Amino acid sequence: MQTTSQDTLKKLTFEELAISDLPAIIPIESQVSYHPWGSTLFIPELMQKGFMGFVAKDEKGGAIGFIMGMTVADEGEIRKIAVATPYQRRGVGTRILNHFVLRLKRKKIKHIYLEVRHNNFSAIGLYKKVGFLEKALRKNYYGTGEHALIMRLSL
Ligand SMILES: CC(C)(COP(=O)(O)OP(=O)(O)OC[C@H]1O[C@@H](n2cnc3c(N)ncnc32)[C@H](O)[C@@H]1OP(=O)(O)O)[C@@H](O)C(=O)NCCC(=O)NCCS
């Protein structure tokens, strides 16, 4: 079993997500996502105007989590956030999300939106912890009984 010391987490760095990080982050996404994108969807996402993403790396440069989003005018959107399983529930997701929010604040973004499966309680807990509020529910958005919750953080 992979072990993760607390020191590893103290020394996290956040780097702008580049195409060269994909081989490291796609396995994280496959490990933790309900519906992984796989490599074909990542590249167009990174090429989009307004793309903003960060990868959290340990002291050896290994990726342990990432976030991807967009900005358009004064609005931002979170498209994906993921933390590798051995590092979950240790504050890494909070740190990645706070880093993203801070960078968007610096860009004078006023609101950040996201959409999350209504029963993804770990993600909803993370978003609420950072200050996101529930704004709407898109019923059956992902299929019967699978609703999308729209959340917003005003900066
Ligand atoms: C959502 C995710 C990124 C959270 O990352 P994390 O590093 O575990 O989050 P943190 O340790 O910073 O936890 C922050 C808060 O999230 C909530 N949370 C995280 N994991 C949880 C779990 N397993 N059960 C319940 N709440 C959880 C809690 O409110 C937690 O705060 P607390 O520890 O003070 O109670 C991670 O679980 C993940 O990668 N999930 C799969 C991908 C995903 O669903 N992404 C979101 C949709 S795109």
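Me: Which element gives the most to the shell around the ligand?

Reply: Helix α5 does, with 6 residues. Keep in mind that this is a predicted model.

Me: Which elements give two or more residues to the shell, and how many residues surround the ligand?

Reply: 21 residues surround the ligand. The closest are Gly 93, Thr 94, Ser 122, Gly 125 and Leu 126. The elements that give two or more residues are β4, α4 and α5, and α5 spans 121–130.

Me: How many residues of each class does the shell have?

Reply: Sort the shell by class. There are 9 nonpolar, 8 polar and 4 charged residues around the ligand.

Me: Now the sheet. What holds strands together in general?

Reply: Strands of a sheet pair through backbone hydrogen bonds, and the pairing is either parallel or antiparallel. In this model, the sheet is open and has 7 strands, with mixed pairing. Read the order across the sheet as β1-β2-β3-β4-β5-β7-β6.

Me: Which are the edge strands?

Reply: Look for strands that pair on one side only. Here they are β1, at 13–16, and β6, at 133–138. The sheet also twists, by 25° on average from one strand to the next.

Me: In which sense do β3 and β4 run, parallel or antiparallel?

Reply: They run antiparallel, joined by 8 bridges.

Me: Which strands does helix α2 touch?

Reply: Helix α2, residues 22–32, packs on the sheet and touches β2, β3 and β4. Its direction makes about 95° with that of β3.

Me: What does helix α4 lie across?

Reply: Helix α4, residues 92–106, lies across β1, β2, β3, β4, β5 and β7. Its angle to β3 is about 30°.

Me: At what angle do α4 and α5 pack?

Reply: For two helices, look at the angle and the distance between axes. α4 and α5 pack at about 50°, with their axes 10 Å apart. The two helices are therefore oblique to each other. Their crossing is right-handed.

Me: Which residues meet where α4 and α5 pack?

Reply: From α4 come Gly 93, Thr 94, Leu 97, Asn 98 and Val 101. From α5 come Leu 126, Lys 129 and Val 130. By class, this contact has 4 nonpolar, 3 polar and 1 charged.

Definitions and conventions: Residues are numbered from 1 along each chain as its sequence is written. This is a predicted model: local features need pLDDT of at least 70, side-chain atom pairs count only at pLDDT 80 or more; totals for chains, interfaces and linings use all residues. Two strands pair if DSSP finds at least two bridges between them. Helices (H or I, at least four residues) and strands (E, at least two) are DSSP runs, numbered from the N terminus. Axes are lines fitted to C-alpha atoms, for helices over the stretch in contact, and angles run from 0 to 180 degrees between N-to-C directions. Two residues are in contact if their C-beta atoms, placed from the backbone, lie within 7 Å. A residue is near a molecule or strand if its C-beta atom, placed from the backbone, lies within 6 Å of it. Ala, Val, Leu, Ile, Met, Phe, Trp, Tyr, Cys and Pro count as nonpolar, Asp, Glu, Lys and Arg as charged, and the others, Gly among them, as polar. Angles under 35 degrees count as roughly parallel, over 145 as roughly antiparallel, 65 to 115 as roughly perpendicular and the rest as oblique. A crossing is left-handed if the near helix is turned anticlockwise from the far one by less than a right angle, and right-handed if clockwise.
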